[in-house]
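Let's take a friendly walk through this protein chain. Have a look at it first, and then we will go through its parts together.

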Amino acid sequence: MHVERQSVEAIVTTLIQVFSQQQYADKVIEHTLAEYPYWDLKRKERYVTGVYNVLRFHRKLETALGNMRSRDAQTYAWQLWGAMTLLLGEEPMPSWSEFEGLSLEALNSNLSMASDAQRLSYPDWLWERGFNELADKWPNVAHALNQPAKTYLRANTLKTDVATLQKSLKKLNIETQQIADSEGLEVTQYGPLFKSDAFQNGWFEMQDAGSQKVATLLDVKPGQRVVDACAGAGGKSLHIAALMQNKGYVLSMDIHQHKLDTLKKRAKRAGIHTLETRVIKNSKTVKRLKDKFDRVLLDVPCSGTGVLRRNPDAKWHLNNESIDNLVVLQAEILQRYSQMCKSGGRLVYATCSVLPSENEQQVKQFLAENEHFKLLEAHSLLPGYTSDYDGFYIAVLERLPV
Ligand SMILES: C[S@@+](CC[C@H](N)C(=O)[O-])C[C@H]1O[C@@H](n2cnc3c(N)ncnc32)[C@H](O)[C@@H]1O
């Protein structure tokens, strides 16, 4: 296999932007791909995988480089890619001058003295927090979160069914496999998904298979009134509207208007006409909706530790304090927004975190302070244990009838 210099240069430039200029990887990647519209799918995939592999294993690579590490940001970015290529051994190592002096023996020798956190490439604070919260499950979870993310789709049952979608994608050489008892599909052979007629016509959305369980557990029925109070760009709102067969009312709220704008476009493409969006301007927006909904979804802002496969650079942007602040915000959202639930209604609290402080402990504290709610079921989708997909926590609560 030939390694194209232009692709590696693009990876190096991206890494410099992420590390030295603190930019988010997904944004820089999107921007870079737009600069090279003539790249074929394979080349795009190699570029994206290269960036994510370095981000995922940054600490390991830094440790492996030891005192070979350059102080110059540009040279260091080349070294990171070189070290990753040597250690993974999946691609041939080009004999370019930027890699002079790098050897697999030297990298492995430095790694032989590394700590577990260094070898599995986590910051010390997160390694410790993982152990404190998940005890001896943590190393397996940490390892599972280092695997590359797979691609999953959800067939939009308002417009098609799984078999018809599969057939239509197959014509473009995109192979998929249905996930048992669901509208979910794993993409087993990638292709031009977003250029397909199926996508343009709203036949599917890209959504992790774990994430698809959230709306399912909300157990919505056609004709109900449902609020998705932290809707973001609407992954779960769209699923909810489809499960309700476009009958009833879905209110999608968020504090960011631009996310709701994206949601509206997606809803239009999906053929949804029962959904309204509303930005949360202040506490009154939610207060006015007291006791108004049969179903309330609180897919709260969280550490995102369950989705590190998809956003590996989050490890380097988070810290203990930011997670502690999120825990406070989650408790506040749960307490205030739960009031939108009618008596006899159902509330789902969900995170894409693997940390019990954001999950089980939040629900336990809420139930202790709110006797009119009871827990019906809770699912901890823990990569490496109970989930092959992203990590999620989903608690289903009922507001007791009065
Ligand atoms: C986990 S994301 C939601 C993802 C979305 N439900 C989906 O399926 O695509 C959490 C969302 O909560 C929003 N958020 C943050 N603080 C909030 C608040 N106080 N009230 C409502 N939403 C909030 C964020 O803007 C973000 O979009």
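## Before we start

Two strands count as paired if DSSP finds at least two bridges between them. Helices (H or I, at least four residues) and strands (E, at least two) are DSSP runs, numbered from the N terminus.

The model is predicted, so to speak of local features needs pLDDT of at least 70, side-chain atom pairs count only at pLDDT 80 or more, and totals for chains, interfaces and linings use all residues. Residues are numbered from 1 along each chain as its sequence is written.

Strand E1 (residues 152-155) and strand E3 (residues 184-189) run antiparallel and are joined by 3 bridges. Within this pair, leucine 153 has leucine 185 in E3 as its bridge partner.

Both strands belong to an open sheet of 4 strands, in the order E2-E3-E1-E4, with antiparallel pairing. On average, neighbouring strands here are turned by 35° against each other, direction ignored. (Axes are lines fitted to C-alpha atoms, for helices over the stretch in contact, and angles run from 0 to 180 degrees between N-to-C directions.)

Helix H10 (residues 162-170) packs on this sheet and touches E1, E2, E3 and E4. The direction of H10 makes about 165° with that of E2. Contact here asks that the C-beta atoms of two residues, placed from the backbone, lie within 7 Å.

## Three domains

The chain is divided into domain 1 (5-116), domain 2 (152-206) and domain 3 (212-399), with bounds from an automatic or database domain assignment. The centres of domain 2 and domain 3, taken over C-alpha atoms, are 25 Å apart. Their contact takes 9 residues from domain 2 and 10 residues from domain 3.

## Around the ligand

Which residues are closest to the ligand? They are Cys230, Gly232, Gly235, Lys236 and Asp299, and 16 residues surround the ligand in total; the cut-off is a C-beta atom, placed from the backbone, within 6 Å.

The UniProt annotation "binding site" (unreviewed entry) covers Asp254 and Asp299; such annotations may be inferred rather than shown by experiment, and feature names are shortened, with positions in the numbering used here. These two are spread over 46 residues of sequence, yet cluster in space, with a largest C-alpha distance of 10.5 Å. Aspartate 254 lies in strand E6 (residues 249-254).
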